[in-house]
Amino acid sequence: MTQADAGQVIDYATVPHDGWRAITLMGPWDFPIVVPPAPGGPEPKRPENRSWSTAWRGPILIHAGLGWDTAGARDPIMTAYWTSIMGDRPLHRDDWSRWRGHVIGVATITDCHPALPKCCKPWGHYSFWDNRRHHLTLGHVRPLVDPVGLIRNEQRAPIDLKTKGSQSLWKPHMRNFRIIDAVRRHLTEV
Ligand SMILES: [Zn+2]
């Protein structure tokens, strides 16, 4: 259990539709958040590095955006995490094709603070030159059992979550309520 998992545990199944916010992540940065660590392997990613802060403390949908960060795919912390789970299989953008544009997990924002030189290591970024940089602390991360199944089911519904997403925290539109219902059905057991 990480520090972020301390405190009140939210029962995601009972969060009302308008009690969610969503965050869009660029691949491959979603992987070390949503995919649980290997036993004895590196720590999962719990700070989310952003150039904005938020006052929101509550549940969020983790939305895999359409974007891809090439530098992230070469990041040594990232590749170490990937290898601890996937072995010798190279980290490649093609593996993200089934995630992109879909909800792949849920979490709770438990804190948000300005990035400091040594905080939230190894995943927290800090730049002396950029004082806008913030760490959003994620707790109670729960991957969906079967994001692929969710995609198949929801492709038939008139929804538009398969978008590029947005930079800041966003509020799911009423049109996405069916997705939230599907998320509840696909939550992993604790
Ligand atoms: Zn930090």
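Cys120 is buried, with 22 other C-beta atoms within 10 Å. The model is a predicted one, and Cys120 sits in the loop between S4 and S5. Although Cys120 is not a glycine, its phi is positive, at about 60 degrees.

The bond from Lys121 to Pro122 is cis, with omega near 5 degrees. Pro122 has its place in the loop between S4 and S5.

## Overall make-up

The protein holds five helices and five strands. Along the sequence these elements follow the pattern β-α-β-β-α-α-β-β-α-α. The protein has 190 residues, of which 32% count as buried.

Contacts in the protein can be sorted by how far apart the two residues are in sequence. Taking the contacts between residues at least 6 apart in sequence, 84% join residues at least 24 apart.

## The sheet

Five strands form an open sheet with mixed pairing, in the order S1-S3-S4-S5-S2. Strand S1 (21-27) and strand S2 (47-50) are at the edges. Each of these two has a single partner strand, so one side of each is left without a neighbour in the sheet. On average, neighbouring strands of this sheet are turned by 45 degrees against each other, direction ignored.

In general, the strands of a sheet pair through backbone hydrogen bonds, and the pairing is either parallel or antiparallel. The next section follows one strand and its pairings.

## Strand S5 and its partners

Strand S5 covers residues 134-143, and four bridges join S2 to it in an antiparallel run. In this pairing, Pro47 has Thr137 of S5 as its bridge partner, and Arg50 stands opposite His134 in S5.

Strand S4 (residues 102-114) also pairs with S5 in the antiparallel sense, over eight bridges. Here Pro114 stands opposite His134 in S5.

How many of the ten residues of S5 are buried? Seven of them are, so S5 is largely enclosed by the rest of the structure. His140 lies in strand S5 and counts as partly exposed, with 19 C-beta neighbours inside 10 Å. The cut-off for a buried residue is 20 or more such neighbours. His140 also has a positive phi, near 50 degrees, in a residue other than glycine.

The peptide bond from Gly27 to Pro28 is cis, with omega near 0 degrees. Pro28 is located in the loop between S1 and helix H1 (31-34).

## Helix H5

Helix H5 spans residues 177-186, and its buried residues are Ile179, Ile180, Ala182, Val183 and His186. Around the axis they cover an arc of only 160 degrees, which puts them on the same side of H5.

The spacing of residues in a helix bears on this. An α-helix has 3.6 residues a turn, so residues three or four places apart point the same way.

Methods:
Residues are numbered from 1 along each chain as its sequence is written. This is a predicted model: local features need pLDDT of at least 70, side-chain atom pairs count only at pLDDT 80 or more; totals for chains, interfaces and linings use all residues. A residue is buried if 20 or more other C-beta atoms lie within 10 Å of its own, exposed if 12 or fewer, and partly exposed in between; C-beta atoms are placed from the backbone. The arc is that of the directions from the helix axis to the C-beta atoms. Two residues are in contact if their C-beta atoms, placed from the backbone, lie within 7 Å. Two strands pair if DSSP finds at least two bridges between them. Axes are lines fitted to C-alpha atoms, for helices over the stretch in contact, and angles run from 0 to 180 degrees between N-to-C directions.
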